[in-house]
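This report looks at a few side chains and the contacts around them. Please have the sequence and the model at hand while reading.

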Amino acid sequence: MSATAFAVRPTSARQLAGTGVLLRFALRRDRVMIPLWVGVNALMVLSMPNTLKGLYGTPAERADLIGQMATNSSLRAMVGPVFGDSLGALTAWRVGVYAGALAAVAGLLVVVRHTRDEEESGRQEMVASGMVGRRASLTAALLAAAVANGALALLVTAGLAGQGAAGALAFGLGIAGVGMVFATTAAIVAQLTESARLARGLTAAVLGAAFVLRAAGDSATDDGSSALTWASPLGWLTNLRAFAGERWWVLGLLAGAALVQGAVAYALADRRDLGMSFLPSRPGPAAGRLGSAGALAWRLQRGSVLGWSIGFLLAGLVYGGMADGAADLLGDNEGAREIFERMGGESGLTDAFLAAMAGMLGLVAALYVVASVLRLHGEETSGRAEPVLAGSVGRLRWAAGHLAVAFGGSALLMLLAGAGLALGHGERTGAILGACLVQVPAVWVIGGVAVLLFGVAPGAAMGAWGVAGAVLLIGWVGPALDMPRAVLDLSPFGHLPKLPGGEMAWAPVLVLTVLAVALVAAGLAGLRRRDLST
């Protein structure tokens with residue numbers, strides 16, 4: 001063996017020095033977030049077979065479902081085509097796209113948090129000063145994402161094994177593969193951008209584009225053969241055809257994409273300095289539009305608001321156009337009708353569907369308000385808040401700018417969602433707008449919890465994601481599992497009137513609004529009294 005080979009090995013080993021320690025540290029830091037995301041995703045998947053068995057218990061009902069999906073392009077755009085009539089195949093059809101998307105979100109959050117977030121805060125520079133290899137941090141972040149996706153694959157495979165071991169394994173690996181594809185996408189974007197916020201936003205935009213491509217492809221064909229479907233990793237998961245004659249070679253596409261993107265991320269990381277990026281942020285003016293704390297907060301978050309706004313408007317258009325199709329699909333299926341009635345109220349099926357979609361968009365808006373409020377936490381821990389507060393700007397004024405964007409932005413999102421639903425449905429604009437805006441107080445309660453945690457216990461601020469995740473789980477899975485009313489009432493969304501179709505009740509809306517105000521006030525009071533962290 002040549003001397004060169006001996007020289008390469010120690011160099012490669014040195015580049016990975018400390019990876020194990022950083023991985024353990026990353027898993028310890030994410031000991032709440034990773035189990036939460038994995039648990040929510042797994043529970044959503046594993047709850048489906050029993051739910052679908054109650055909805056489509058006979059071969060005739062399943063045959064009718066498959067026949068209607070073949071002709072209903074709008075619903076195929078939402079959940080994809082059906083490839084089999086077994087409970088396993090129906091489970092893969094019903095939740096596959098969304099399970100893959102949730103795994104992708106978890107992967108991108110983990111990778112960005114342990115790469116660009118660490119560099120932006122300055123902690124990575126301190127870590128790199130020790131005996132840590134150049135590639136250790138990126139490797140640890142990707143391994144942490146792999147641990148999360150591996151655990152999810154194991155739970156899905158074990159939980160669905162009764163529906164068919166081969167299909168369960170393929171489905172579990174497919175979901176995990178999608179998660180790793182977007183984890184490596186986030187690793188690339190983290191090298192390109194100078195901001196963790198921008199890295200998360202751009203990767204989420206890639207995920208959104210993948211969803212749109214798959215939706216467009218699946219709406220055009222009923223067998224997943226569209227080129228647009230094949231252009232999306234979410235479309236690959238659909239075309240894996242778990243429980244319906246598995247295409248094992250599709251897993252090779254997911255693995256290959258993750259490996260290639262991982263290699264690109266390592267190549268980019270090797271060619272830049274710590275803290276730098278290939279797309280550096282442009283310095284902005286210190287006066288004019290940035291002459292106030294509120295203007296600065298808007299400048300920092302306007303890209304996020306724009307991205308979320310476009311997404312909510314498009315989602316509203318899609319769901320509004322599907323309302324009549326959903327009524328046709330359910331037909332005389334009493335089980336499916338009962339679920340929609342639990343989600344959207346005991347009104348006409350179209351009204352119940354619109355109310356359920358408004359509630360789902362409200363749940364997603366809760367994720368926006370948490371992310372926007374926690375921008376305060378990011379500004380504080382990165383040290384950027386300190387020079388702002390060193391001047392004439394007080395803490396409450398500084399916080400108020402970000403909270404205005406968070407709470408005002410969430411109201412804007414629901415307004416745009418309502419406009420999209422009304423335009424897509426083509427009827428009763430006022431009633432549909434009201435159905436979306438009535439979700440805002442519940443969204444604000446979740447934002448108020450985030451403010452309270454940030455102000456009183458900043459070390460536990462990330463627990464706001466746990467609250468949002470629990471509410472999301474109750475709202476999505478609760479009606480399908482027919483959870484007790486006491487459990488559903490743990491979510492603020494469970495107390496809202498079911499509009500359109502139901503009667504407007506102002507009391508719970510006012511109570512939730514007052515509760516949100518009280519939580520924000522308590523959080524700001526805590527912020528005034530505590531020390532800033534760095």
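## Surroundings of Ser 226

Ser 226 touches Gly 217 and Thr 221, leaving aside residues up to four places away in sequence, where contact means heavy atoms within 4.5 Å. The model is predicted, so local features need pLDDT of at least 70 and side-chain atom pairs count only at pLDDT 80 or more, while totals for chains, interfaces and linings use all residues. Residues are numbered from 1 along each chain as its sequence is written, and side-chain values use heavy atoms, with hydrogens and water left out.

Ser 226 is found in the loop between helix H12 (196-220) and H13, helices being DSSP runs of H or I with at least four residues, numbered from the N terminus. With a relative accessible area of 12%, Ser 226 is buried (buried is under 20%, exposed over 50% and partly exposed in between, with a 1.4 Å probe and protein chains only).

## Aromatic pairs

Six aromatic pairs are found in a search of the whole structure; rings of Phe, Tyr and Trp (its six-membered ring) pair if their centres lie within 6.5 Å, and planes under 30 degrees apart count as stacked, over 60 as edge-to-face and the rest as tilted. One of them is the stacked pair of Trp 230 and Trp 249, at 5.7 Å centre to centre and 15 degrees between the planes. Because Trp 230 lies in helix H13 (residues 227-230) and Trp 249 in helix H15 (residues 249-270), the pair ties together parts that are 19 residues apart in sequence.

Trp 230 is partly exposed, at a relative accessible area of 24%, whereas Trp 249 is exposed, at 53%.

Terms used: Helix = DSSP H or I, 4+ residues; strand = E, 2+ residues; numbered from the N terminus.
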